[in-house]
Amino acid sequence: PAPAAGASGLPAGLLLPHVSADDNPRSRLSRCGVRLMLQQLRGLGQQGRDWDTSGVLEHRVNRESGLPAHWSQAGRDWSRPATDRVKGGAWSRRMADGVPSLWHAQAGWVKPSRLVQAWLALPGVQFRGDARVAALDRQAQEWLLLDADGRTLATACHLVLANACGALPLLGQLAKARPELRSGLGQLPALHGMRGSVSWGLRQADDADALPPFPVNGQGSFIPSVPVAEGRAWFAGATYEAADQAGAPVCARHHANLEKLRTLLPAAAEVLGPVFSSGQVQSWEGIRCVSADRMPLVGALEGGDAPSLWISAGLGSRGLSFSVLCAELLAARLGAEPLPVEVSLARLLNPLRAAQDTAY
């Protein structure tokens with residue numbers, strides 16, 4: 001059975017490439033990441049239940065087309081101007097005139113929890129929950145993961161910090177305990193948390209004409225139909241608040257998501273407005289880990305030929321687009337294999353990229 005939409009992980013998220021007029025590194029990396037994620041989805045999950053590549057319409061509310069002037073056919077296979085046929089239907093009523101729209105053909109929605117469950121079930125993977133790591137230590141050739149009482153929870157010859165903003169206190173403690181790592185860790189781009197809240201509710205029999213047949217992104221995003229235990233659900237959001245400040249009340253977060261929906265899809269907001277007002281809308285909240293330059297941090301945190309301390313964090317709002325790419329980069333580095341992207345792009349994700357003489 002499908003998991004309840006209120007489960008602890010993000011109930012559903014969008015998978016789509018970033019676009020830019022100069023096809024900048026973030027755009028090129030995102031396409032590679034989406035391609036790798038799609039390969040994983042096809043091997044691990046069930047289309048229509050755990051994920052779907054229905055395509056995503058991006059409404060460019062900043063009125064910029066986003067595509068390079070001389071966009072190749074290969075690029076158009078990924079993203080191209082949306083046709084009137086794609087945008088046609090009662091659901092597009094009152095959408096702002098003159099605003100460019102893009103159609104992302106290799107894009108859709110994903111249930112991250114189902115993907116993680118499939119990864120954890122792979123041979124060779126062991127998971128231990130209810131074990132909070134409070135400190136790190138190194139003895140001989142092994143890393144020790146310690147609890148709050150100093151007891152060893154696990155040991156490993158290679159340690160990857162893939163716990164988002166939770167890496168910060170561990171790295172801070174490690175820098176104090178291991179002076180030889182202090183200068184390197186001081187080169188890390190700053191990481192900070194950004195709180196996000198998604199509003200969601202169940203589909204009703206009379207909302208079919210007002211809701212799009214595929215996800216729409218732009219001023220926030222809207223996913224129209226995802227199977228959950230209770231039926232089929234829509235998801236709207238998300239808010240963007242600094243995690244180190246007091247969060248807004250749930251009602252205020254719902255209001256913010258509804259206002260974004262009024263800009264993105266006025267017809268959908270008109271139909272769903274009473275659902276918001278009646279208190280039938282539910283909420284999911286989480287923290288994004290964002291780097292100062294909005295690029296992930298993935299790679300070794302030590303110099304030398306045999307680093308053993310690694311990180312994969314700072315994926316921000318594009319975790320579905322970047323997570324598999326970051327994992328593939330780590331695996332390539334650990335196994336001395338060819339990188340999944342060109343070296344010039346991989347260097348931009350190096351966690352110690354601020355050090356000019358650091359090789360990747």
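Guide: Let us begin with burial: a residue is called buried when its relative accessible area is under 20%, exposed when that area is over 50%, and partly exposed in between. Please keep in mind throughout that this is a predicted model.

Visitor: With that cut-off, is Asp-50 buried or exposed?

Guide: Asp-50 has a relative accessible area of 5%, and is therefore buried. The side chain of Asp-50 meets that of Arg-114 in a salt bridge, at 2.9 Å from N to O. Because Arg-114 lies in helix 4 and Asp-50 in the loop between helix 1 and strand 2 (51-52), the pair ties together parts that are 64 residues apart in sequence. Arg-114 counts as buried too, at 17% relative accessibility, and a network of salt bridges links Arg-49, Asp-50 and Arg-114.

Visitor: How many salt bridges does the structure hold, and which residue does Glu-342 pair with?

Guide: There are 13 salt bridges in the structure. Glu-342 pairs with Arg-28, and their closest N and O atoms are 3.9 Å apart. Glu-342 lies in the loop between helix 9 and helix 10 (343-347) while Arg-28 lies in helix 1, so this pair joins parts that are 314 residues apart in sequence. Glu-342 counts as partly exposed at 42% relative accessibility, and Arg-28 is likewise partly exposed, with a relative accessible area of 29%.

Visitor: How should I read the packing of two helices?

Guide: In general, two packed helices are described by the angle between their axes and the distance between those axes. Here the axes of helix 1 (residues 25-44) and helix 9 (residues 319-335) come within 7 Å and cross at roughly 80 degrees, and the two helices are therefore roughly perpendicular to each other. Among the residues of helix 1 that take part in this meeting are Leu-29, Gly-33 and Met-37, and helix 9 contributes residues including Phe-322, Leu-325 and Glu-328.

Visitor: Which elements do the buried residues of helix 4 pack against?

Guide: They pack against strand 1 (13-15), helix 1, strand 6 (108-110) and helix 9. The buried residues in helix 4 are Pro-112, Ser-113, Arg-114, Leu-115 and Ala-118.

Visitor: Which residues form a nonpolar patch on the surface?

Guide: Val-116, Leu-120, Leu-122, Val-125 and Phe-127 form that patch, and together they have about 430 Å² of accessible area. Val-125 sits in the loop between helix 4 (112-120) and strand 7 (135-139), and is partly exposed, with a relative accessible area of 36%.

Key:
Residues numbered from 1 in each chain as written. Predicted model: local features only at pLDDT ≥ 70, side-chain atom pairs only at ≥ 80, totals over all residues. Heavy atoms only, no water. Patch = residues over 30% accessible without salt bridge, like charges linked within 9 Å, V, L, I, M, F, W, Y side chains within 5 Å. Areas by Shrake-Rupley, 256 points an atom, 1.4 Å probe, with all protein chains shown as cover. Salt bridge = Lys/Arg side-chain N within 4 Å of Asp/Glu carboxyl O. Helix = DSSP H or I, 4+ residues; strand = E, 2+ residues; numbered from the N terminus. Buried < 20%, exposed > 50% of the residue type's maximum accessible area, 1.4 Å probe, protein only. Axes fitted to C-alpha atoms, helices over the stretch in contact; angles between N-to-C directions. Parallel < 35°, antiparallel > 145°, perpendicular 65-115°, else oblique. Contact = heavy atoms within 4.5 Å.
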